[in-house]
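Subject: Structure for your reading, with notes

Dear colleague,

Please find the structure below, together with its sequence.

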Amino acid sequence: MTKRAIVLYLHAHQPFRIGHFSTFDIGENKNYFDEPNDMRANNRAVLDKVIQKSYIPTNRKLLELIQQHPEFKISLSITGTLIEQLEKWSPHTLESFKELVATDKVEIVGETYHHSLAFFYSLAEFNNQVQMHRDKIWEVFGKKPTVFRNTELSYNNDLAVWADRAGYKAVLAEGWDPILQWRSPNYVYRPVGTQTLKLLLKNYKLSDDIAFRFGDQNWESWPLTADKYAHWLNAIDNGTNINLFMDYETFGEHQWKESGIFDFLSHFPGEWLKNENNTFMTASEAVDSYDAVDTIDTPYTTTWADTERDLSAWLGNPMQQQAIEALYGLSEKILSSNDWALIEDWRKLQTSDHFYYMCTKWFNDGDIHAYFSPYDSPYIAFMNFMNTWHDLRYRLTEKGLDT
Amino acid sequence: MKILMLGWELPPHNSGGLGVACYQLCEALSVKDIDIEFVLPYNEVHSIDFMKVRAALSHSAGSLRISGIAYDSFKYTDTQGNEQWLSIFDQQKLYEQAAAQLTGYESFDIIHAHDWLTFKAGVLLKQKTGKPLILHVHSVESDRSGGNYGNPLAREIEQESMLMADKIVAVSQHTKNIIIADYAIPADKIEVIHNSIGKIDEVNLSEPNSYKYLAALKNHGYKVISSIGRLTIQKNLINLLHAFKLVTNKEPKAILLFVGNGEQETELLLLAAELGISRNVMFAGFQRGKRWRDAYTIADLFVMPSVSEPFGLTPLEAVALGVPVLISKQSGVSEVLKNALKVDFWDVNEMANQMLAVLQNQSLKNELIVNGSKEYESMNWSKAANQLEEIYAKAVRGVSG
């Protein structure tokens with residue numbers, strides 16, 4: 001019989017944060033993504049910090065685990081904007097990712113190059129960004145993704161149909177209860193309206209135990225040890241595959257080294273593999289090994305964010321809607337400019353993080369800790385963004401492409 | 001518990017936020033088992049039922065104000081060409097003497113004095129009665145002088161009194177830091193109790209706005225920025241004018257409305273002319289009641305870019321009336337108000353940038369209004385009253401810290 005598998009999927013991403021951009025900077029040839037004065041928005045400084053705290057130690061740990069346990073495997077997605085930053089500022093960190101992928105125990109998952117929400121605004125642009133990501137992954141890692149995830153794990157029936165036609169084997173999505181209803185997330189499913197595509201749904205309870213609750217000393221299960229966690233997983237009496245999806249930065253950045261997260265990572269695969277019916281699989285291995293047990297209908301968009309599991313953290317308020325509509329409103333003119341620098345700046349502004357920084361829904365609750373932002377307030381985020389948008393428009397007018 | 005409260009003003013005879021803060025704080029305290037007797041330096045009829053109001057001196061609020069207001073400490077006045085210290089010092093002295101003559105103070109548990117004008121009286125009464133003295137600092141001399149040294153006599157009164165006090169209450173962390181820096185008072189003697197805001201009456205939208213001309217201009221696409229407060233160095237209005245000049249370069253249909261008076265009025269008028277923006281800058285003078293309120297509601301943006309502001313009530317009033325606000329990071333209110341734009345007082349370009357952003361983006365403006373209103377709904381004085389009740393209890397038990 002086939003073993004029961006953990007599908008551990010990690011997502012690595014850094015945006016190009018917008019620096020302080022005043023209305024008086026419009027038309028002055030100022031770089032949008034260069035912030036020398038404020039370390040929170042200084043992309044190189046943030047990257048250096050995350051490399052030291054997370055990428056380097058996590059890559060090292062994962063490589064050890066791969067050498068130690070022949071059955072240990074992971075799936076990884078890495079955005080184009082992060083690869084670009086690593087190429088520019090830390091090639092040796094990119095090398096350590098390459099080393100990991102070269103073991104053939106790491107599957108690369110496809111997505112948009114710019115970690116954007118283009119799927120919901122411009123299908124043509126979305127296709128471009130997916131292709132750009134495929135090209136970059138081929139160039140850097142020599143791999144062709146066969147599994148897809150959309151930004152923030154956003155997903156609906158339309159995305160499934162798109163992925164099916166584009167030839168992907170599987171899509172990753174949130175195992176959200178209203179969608180699953182009575183079903184368990186621990187199986188392979190087929191999205192409605194697709195021919196061969198399969199769906200892997202995140203077990204959010206078990207994923208978030210690591211990603212969000214691990215270091216929370218007020219959590220009833222704190223401290224979470226590898227054997228306790230393996231015990232929970234072994235106790236699950238259904239399913240073929242347990243899908244643990246989380247940010248790569250969970251290790252060392254969201255959960256600090258001092259929380260014991262790296263010790264947990266060191267010991268957990270061994271604990272799980274003690275049971276000989278247990279194994280690890282990459283996402284594509286899981287969908288190759290198991291048949292879909294049922295179809296899943298997702299008529300509205302789900303994501304892996306917040307208690308709402310929707311796009312409201314990115315598009316929930318009028319500032320966010322204005323900003324993103326303004327940005328995609330320039331699509332045609334920007335693309336017809338044939339000015340690569342202009343197009344690339346426009347694409348970097350599509351990164352979903354920019355809209356997340358404008359979210360006001362937590363701001364009132366005083367829950368600043370839940371609010372990762374390089375800016376003092378969502379209003380500052382919006383002002384910087386809109387001023388860069390005006391600058392894009394200014395550059396278009398300079399080219400005679402008045403809007 | 002019985003509190004002898006020494007204050008300088010109460011609405012409607014107040015010259016600014018000091019009187020409002022005292023009034024609303026006492027109202028919140030009166031809900032608890034706390035009796036307050038509030039001693040004023042003037043004699044007027046008040047319709048206040050939650051505490052006893054007593055006049056230390058027999059003259060009217062109007063005649064007192066001729067000698068200066070609670071904020072006039074550092075200035076020379078220019079009467080008939082003669083420069084002299086404002087007689088506010090004499091008033092302060094009269095109040096001290098009158099307070100000493102008060103009878104019946106034996107029954108009080110605590111003396112609680114608000115701002116420097118009443119501090120000497122507080123110290124005197126402490127010496128006479130041995131009761132604990134709490135000084136409530138709504139502003140210090142360096143605030144009132146716009147970050148300068150100010151009047152050495154006022155500083156002396158503040159420093160001596162603070163050394164003598166059993167406990168000091170500061171209206172913000174900003175003010176606490178200044179007290180430590182200026183007067184070398186130990187940090188653990190100072191508690192921060194942020195001010196809050198009481199409920200503001202609903203605006204009757206059917207009544208026309210008093211600023212009829214501005215309302216008409218707005219129908220023609222003009223945008224109004226309001227500054228409500230004294231025209232004084234502390235409020236950083238020179239920088240505001242320079243920033244507004246930059247705003248008009250990009251948005252010629254912008255109007256800056258000043259409501260208030262003060263020693264900088266002429267200087268500001270001249271500067272506006274020099275910058276070529278006289279047509280865009282309006283001075284409405286000091287206003288109360290409907291005109292004061294309409295100055296908020298006519299605005300697309302309220303600004304308070306003070307050099308140093310111990311707390312700052314006006315931005316909360318603006319938020320309460322559904323107006324977006326831009327405040328300086330150097331204000332105490334910025335410690336409690338989240339849904340506001342914030343800028344360093346010296347950063348003229350950024351100030352202009354943020355003003356323009358609100359004038360040009362309806363969605364930013366709306367989002368500030370919606371979230372600001374929610375935040376205002378959650379504000380009240382009960383937290384401050386609870387903190388103060390605890391300080392009273394400790395003071396009575398003789399516990400410091």
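Two residues are said to be in contact if their C-beta atoms, placed from the backbone, lie within 7 Å. With that in mind, and leaving aside its neighbours within four places in sequence, Val171(A) is in contact with Phe148(A), Arg149(A), Tyr155(A), Leu159(A), Ala160(A), Ala163(A), Leu197(A) and Leu199(A).

Please note that this is a predicted model, in which local features need pLDDT of at least 70 and side-chain atom pairs count only at pLDDT 80 or more, while totals for chains, interfaces and linings use all residues. Residues are numbered from 1 along each chain as its sequence is written, and chains are lettered from A and ligands numbered from 1 in the order in which they are written.

The nonpolar core

A nonpolar core is a set of buried Ala, Val, Leu, Ile, Met, Phe, Trp, Tyr and Cys residues joined through C-beta atoms within 7 Å. A residue is buried if 20 or more other C-beta atoms lie within 10 Å of its own, exposed if 12 or fewer, and partly exposed in between. In soluble globular proteins, nonpolar side chains tend to be buried together. Here the largest nonpolar core has 226 residues, and Val171(A) and Met355(B) have the most contacts inside it. Helix α16(A) gives the largest share of this core, ten residues. (Helices, H or I of at least four residues, and strands, E of at least two, are DSSP runs numbered from the N terminus.)

Where the chains meet

The contact between the chains takes 15 residues from chain A and 19 residues from chain B. On the side of chain A that touches chain B, α12 (318-329) and α16 (378-398) each supply at least two residues. The largest share of that side, four residues, comes from α16(A).

Two helix pairs

Axes are lines fitted to C-alpha atoms, for helices over the stretch in contact, and angles run from 0 to 180 degrees between N-to-C directions. In chain B, helix α9 (residues 237-250) and helix α13 (residues 348-360) pack at an angle of about 50°, with their axes 8 Å apart. This makes α9(B) oblique to α13(B); angles under 35 degrees count as roughly parallel, over 145 as roughly antiparallel, 65 to 115 as roughly perpendicular and the rest as oblique. Among the residues that make this contact are His242(B) and Leu246(B) of α9(B) and Met355(B) of α13(B).

In chain A, α8(A) and helix α9 (residues 261-273) pack at an angle of about 40°, with their axes 8 Å apart. Helix α8(A) is therefore oblique to α9(A). Their contact includes Tyr229(A) of α8(A) and Phe268(A) of α9(A).

Backbone exceptions

Most residues other than glycine have a negative phi, and most peptide bonds are trans. Which residues does a cis peptide bond join in chain A? They are Trp222(A) and Pro223(A), with omega about -5°, and Pro223(A) is in the loop between α7 (204-211) and α8 (226-234). In chain B, a cis peptide bond joins Pro11(B) and Pro12(B), with omega about 10°.

Asp104(A) has a positive phi, near 65°. Is Asp104(A) buried or exposed? Asp104(A) is exposed, because it has 10 other C-beta atoms within 10 Å. Asp115(B) has a positive phi of about 65°, but Asp115(B) is buried, with 25 other C-beta atoms within 10 Å.

Yours sincerely
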